[in-house]
Amino acid sequence: MAKRYAGRVTALVLALLVAASCGDGSTSGPDNNNQNPGPNEVRVGNNFFNPSPRTVTAGTTVTWTWNAGSVQHNVTFTGGPSSATQSSGTFTRTFTTAGTFNYLCTVHGAAMSGSIVVQ
Ligand SMILES: [Cu+2]
């Protein structure tokens, strides 16, 4: 009897492990887990920017690419341009002068902030 119960517990634990490892879809591909951004690209995830800081040379156009999902984010520069608040799509800004340009998602505040370092 105890042996049979232990077998059921083992099966349940295995089922939970399988469910946990593929539950949120974040491991389904490079576009979905915000890995491998291009050299002038920043991925917009929940709730982070990857990479940050991103270092580029003057004259570079940086593209932010939203990880398509249900959560809305934006890219808002202090005293500068901002994107729409959206859950998919892109935003671009061309940086012509050297400096550090800080931005954040106003939906999520300082916890979701990033910077572009222009050299
Ligand atoms: Cu956000």
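Strands β1 (41–44) and β4 (60–66) pair in the parallel sense over 4 bridges. Strands here are DSSP runs of E with at least two residues, numbered from the N terminus. Two strands pair if DSSP finds at least two bridges between them. Within this pair, Val42 stands opposite Trp64 in β4.

This is a predicted model: local features need pLDDT of at least 70, side-chain atom pairs count only at pLDDT 80 or more, and totals for chains, interfaces and linings use all residues. Residues are numbered from 1 along each chain as its sequence is written.

**The sheet around β1 and β4**

β1 and β4 belong to an open sheet of 4 strands, in the order β2-β1-β4-β6 with mixed pairing. β2 (49–50) and β6 (90–95) have a single partner strand each, so one side of each lacks a neighbour in the sheet.

**Other strand pairs**

| Pair | Sense | Bridges |
|---|---|---|
| β5 (residues 76–77) and β7 | antiparallel | 2 bridges |
| β7 and β8 | antiparallel | 7 bridges |

Phe77 stands opposite Tyr103 in β7. Leu104 stands opposite Ser113 in β8. β7 and β8 form a hairpin, with 3 residues between them.

**The core**

The largest nonpolar core has 13 residues. Such a core is a set of buried Ala, Val, Leu, Ile, Met, Phe, Trp, Tyr and Cys residues joined through C-beta atoms within 7 Å. Buried means that 20 or more other C-beta atoms lie within 10 Å of the residue's own, with C-beta atoms placed from the backbone. Val42, Val44, Trp64, Val75, Tyr103, Leu104 and Cys105 touch the most other members. Two or more residues come from each of β1, β4, β7 (99–105) and β8 (109–118). The largest share, 4 residues, is from β7. In soluble globular proteins, nonpolar side chains tend to be buried together.

Which residues does Trp64 contact, leaving aside its neighbours within four places in sequence? They are Val42, Val44, Val75, Ser83, Thr90 and Phe91. Contact means C-beta atoms, placed from the backbone, within 7 Å.

**Two cis bonds**

The peptide bond from Asn46 to Asn47 is cis, with omega near -5°. Asn47 lies in the loop between β1 and β2. The bond from Ser52 to Pro53 is also cis, with omega near -5°. Pro53 sits in the loop between β2 and β3 (54–56).

**Confidence**

The protein averages a pLDDT (the predictor's confidence in each residue, from 0 to 100) of 80, and 71% of the residues score at least 70. Over residues 6–31 the pLDDT is below 50. Beyond near neighbours in sequence, this stretch has 7 contacts in the model.

Notes
Buried ≥ 20, exposed ≤ 12 C-beta atoms within 10 Å, placed from the backbone. Contact = placed C-beta atoms within 7 Å.
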